[in-house]
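Hi,

Here is the structure I promised to pass on. Please open it and keep it beside you while you read my notes.

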Amino acid sequence: QVHLVESGGGLVQAGASLGLSCAASGRSISSDAMGWFRQAPGKEREFVAAISRDGARTKYTDSVKGRFSISRDNAKNTVYLQMNSLKPEDTAVYYCAMDTVGSRFLLLRLLPSEYDYWGQGTQVTVST
């Protein structure tokens, strides 16, 4: 049984940084693309970033490019999201997700429905 557990969320002021971690168990992440999504109150879950199974390729939504960085450590079975220059509009619950199918075709996918396993989420709140 696959479990993904996010950590590192919190309350910060605009302009600050936060680092999120996603620890996987029950399956090695080394064969899978991994993604981060977020969901703000009253909004749909949206793509934030994804990383290929070897870490060589990444993809970001436009609103976080240049501020967020996704990385992974397959030996630790963990994925990270470093968030810098945080803005109030980044406030959301952040979810880690695993794509076990797309990675076979070297895809970095954007839709939540394309990811197979999800964590429980961690709250990030950015105040003005």
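Which residue in strand 8 does F68 stand opposite? F68 stands opposite M83. Strands here are DSSP runs marked E of at least two residues, numbered from the N terminus.

A word on the source. This is a predicted model, where local features need pLDDT of at least 70 and side-chain atom pairs count only at pLDDT 80 or more, while totals for chains, interfaces and linings use all residues. Residues are numbered from 1 along each chain as its sequence is written, and side-chain values use heavy atoms, with hydrogens and water left out.

**The hairpin**

Strand 7 and strand 8 run antiparallel, joined by 6 bridges. Two strands pair if DSSP finds at least two bridges between them. These two strands form a hairpin with 4 residues between them. In the turn, N77 has a positive phi of about 55°. Strand 7 has a covered face of F68, I70 and R72. Its uncovered face has S69, S71 and D73.

**The cores**

A nonpolar core is a set of buried Ala, Val, Leu, Ile, Met, Phe, Trp, Tyr and Cys residues joined through side-chain atoms within 4.5 Å. Buried means under 20% relative accessible area, exposed over 50%, and partly exposed in between, using a 1.4 Å probe and protein chains only. The largest core has 28 residues. W36, L81, M83 and Y94 touch the most other members. Another core lies apart from it, with 7 residues, including F37 and F47.

L81 has contacts (heavy atoms within 4.5 Å) beyond its neighbours within four places in sequence, among them W36, F68 and Y94.

**The rings**

Rings of Phe, Tyr and Trp (its six-membered ring) pair if their centres lie within 6.5 Å; planes under 30 degrees apart count as stacked, over 60 as edge-to-face and the rest as tilted. The structure holds 5 such pairs. F37 and F47 have ring centres 5.7 Å apart and planes at 80°, so they are edge-to-face. F37 is in strand 4 and F47 in strand 5, 10 residues apart. Both F37 and F47 are buried.

Y95 and W118 are also edge-to-face, because their planes are at 75°, with centres 6.4 Å apart. Y95 is buried at 12% relative accessible area, whereas W118 is partly exposed at 26%. Ring pairs link F37, F47, Y95, Y115 and W118 into a cluster.

Best wishes
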